Each structure stands twice: as structure tokens, then as C-alpha cells.
Amino acid sequence: MTVKIETSWKEQLEDEFSKEYFKNLTQFVQEEYLLNECFPPGNLIFSAFNRTPFNKVKVVIIGQDPYHGINQANGLCFSVNDTISHPPSLMNIFKEIESDLLIPYPKSGNLERWADQGILLLNATLTVRSHEAGSHQKKGWEQFTDAIISLLSEKKENVVFLLWGGFAKKKGAKIDSEKHLVLSCGHPSPLSANRGYWFGNKHFSATNTYLEEVGIPQISW
């Protein structure tokens with residue numbers, strides 16, 4: 001796995017890339033992509049960073065694994081390629097935006113349009129084996145993405161962190177809420193949403209209200 005990553009991230013993560021765990025992770029990922037079908041495609045593993053440079057991050061959404069179905073994952077959490085059917089969690093995200101901001105439900109589930117506005121769409125684990133959810137967990141990705149969250153919390157100010165579900169809340173435990181806005185609620189998956197833990201969270205309007213208050217351009221959701 002050659003790490004081709006946007007310049008500002010490369011500078012921030014130089015130390016991380018030289019650590020032993022990351023070298024082991026690199027070897028694991030290279031072997032997995034050689035021997036199995038894995039997602040996202042190799043050139044999209046670091047899409048979240050390449051589309052949202054470090055100095056432009058204003059919102060962070062934390063996901064868990066990439067989608068493990070054919071042609072779904074594009075390196076951004078919750079996002080799918082154009083023309084791909086929207087997975088249930090993404091449908092519920094769009095439904096909440098629709099009720100919160102009265103924005104019509106979109107045709108495309110490709111969230112590159114969010115990433116380009118400064119939303120870091122970060123999966124905790126950046127790769128997965130085809131049709132095997134969680135297959136690349138506990139190989140080093142979690143340590144790497146913890147380092148990303150710590151770095152953003154420490155070096156930036158007024159970032160909005162959206163923590164959806166227990167996993168994301170644990171992942172975001174070290175965020176400095178004095179410097180940043182941390183919004184948390186249930187996961188948008190049907191299991192959680194249908195039990196009343198997702199709909200009505202109004203995270204999208206709350207994000208824009210906060211960004212406006214601190215003088216940062218709002219997100220066009």
C-alpha cells in the first residue's frame with residue numbers, strides 16, 4: 001500500500017506513517033488486496049483525506065467500516081458511488097436532512113459534495129474484504145484513525161464532530177469539547193432509527209448554526 005495522500009495530511013501524519021504498527025498494517029492491506037477482493041479500490045483508500053485537506057476540515061463524521069458490496073465503497077463513510085442504491089443508514093441520513101432543513105431527498109448517495117466543503121467522512125477502518133463486514137478490524141486502522149481524531153482536536157478549533165451510535169461516541173471520547181462542538185445521537189441504521197434514537201436529532205441545522213456563530217461558511221447539505 002503506497003500512501004498517496006494530500007500534502008497537508010502527509011505533513012501532519014509523517015510520524016504516524018513511520019510507526020511500526022502502520023508498517024505492519026501496510027503489509028497486511030497489501031497482502032489482502034493481492035489475495036482477496038477488497039474495498040474500496042486501492043486508489044480510493046485515502047479518499048477522505050485527499051478530498052478534504054487538513055486545513056479545510058470543519059466537520060467530522062465518523063463511520064465504522066467501508067461498505068463491503070460490489071461498487072459501493074468510495075473511501076468516504078456512509079457514501080456510495082453514483083447510480084448505486086442508497087443503503088438504509090444513508091437513506092435515514094437523507095430523511096433527517098429533509099425534515100431538518102426541508103432539503104429534497106437527493107438522487108445520488110455520493111457524498112463527495114460534502115467532502116469538498118470540508119466534511120471529513122472518516123471510517124474507523126479504511127478497508128474491508130468483500131462481503132465480510134469487520135474483516136479488517138483490529139489490524140491497526142483504529143489506531144491510525146484515533147490519531148487523526150486526536151490531531152484534529154488538538155491542532156484545530158471550532159470543528160463540529162458528529163458522533164452517531166455507540167461506536168462513534170467511544171471513538172470521539174478524547175475530543176476537546178471546550179474547543180469544538182460535539183453532537184451525538186443514535187446510529188442512523190434502521191435498528192437504532194426505528195427505536196427513536198436517530199430521527200429528530202437536527203444535527204444538520206445545529207452544525208450550520210454553530211459554523212455561522214464562529215464565522216465559518218455553512219455546509220450546503
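The structure is a predicted model, in which local features need pLDDT of at least 70, side-chain atom pairs count only at pLDDT 80 or more, and totals for chains, interfaces and linings use all residues. Residues are numbered from 1 along each chain as its sequence is written, and side-chain values use heavy atoms, with hydrogens and water left out. Helices (H or I, at least four residues) and strands (E, at least two) are DSSP runs, numbered from the N terminus.

**Helix pairs**

The table gives the two helix pairs; axes are lines fitted to C-alpha atoms, for helices over the stretch in contact, and angles run from 0 to 180 degrees between N-to-C directions.

| Helix pair | Angle between axes | Axis separation |
|---|---|---|
| Helix 2 (20-35) and helix 6 (141-155) | about 125° | 9 Å |
| Helix 4 and helix 9 | roughly 60° | within 8 Å |

Between helix 4 and helix 9, contact (heavy atoms within 4.5 Å) joins Ile93, Glu96, Ile97, Asp100 and Leu101 of helix 4 to His203, Phe204 and Ser205 of helix 9. By class, this contact of helix 4 with helix 9 comprises four nonpolar, two polar and two charged residues. Here Ala, Val, Leu, Ile, Met, Phe, Trp, Tyr, Cys and Pro count as nonpolar, Asp, Glu, Lys and Arg as charged, and the others, Gly among them, as polar.

Helix 2 and helix 6 are likewise oblique to each other. On the helix 2 side, the contact is formed by Tyr21, Phe22, Leu25 and Val29, and on the helix 6 side by Trp141, Gln143 and Phe144. Six of these residues are nonpolar, one is polar and none is charged.

Helix 4 has 14 residues and spans 20 Å from its first C-alpha to its last, close to the expected 20 Å; the expected span is 1.5 Å times one less than the number of residues. Its buried residues (under 20% relative accessible area, with exposed meaning over 50% and partly exposed in between, for a 1.4 Å probe and protein chains only) are Ser89, Leu90, Asn92, Ile93, Phe94, Glu96, Ile97 and Asp100. These buried residues pack against helix 5, strand 5 (160-164), helix 8 (190-193) and helix 9 (203-213).

Helix 6, with 15 residues, reaches 21 Å between its first and last C-alpha, close to the 21 Å expected. Among its buried residues are Trp141, Phe144, Ile148 and Leu152.

Most residues other than glycine have a negative phi, and most peptide bonds are trans. Just after helix 4, Leu102 takes a positive phi of about 60°; Leu102 is exposed, at 73% relative accessibility. Phe78 has a positive phi near 70° and lies in the loop between strand 2 (59-63) and helix 4 (88-101). Phe78 is buried, with a relative accessible area of 10%. The peptide bond from Phe39 to Pro40 is cis, with omega near -5°, and Pro40 belongs to the loop between strand 1 (38-39) and helix 3 (47-51).

His136 is located in the loop between strand 4 (128-129) and helix 6 and is buried, with a relative accessible area of 0%. Leaving aside neighbours within four places in sequence, His136 contacts Phe28, Glu32, Cys38, Thr125, Thr127, Val128, Arg129 and Trp141.

Note on methods:
Parallel < 35°, antiparallel > 145°, perpendicular 65-115°, else oblique.
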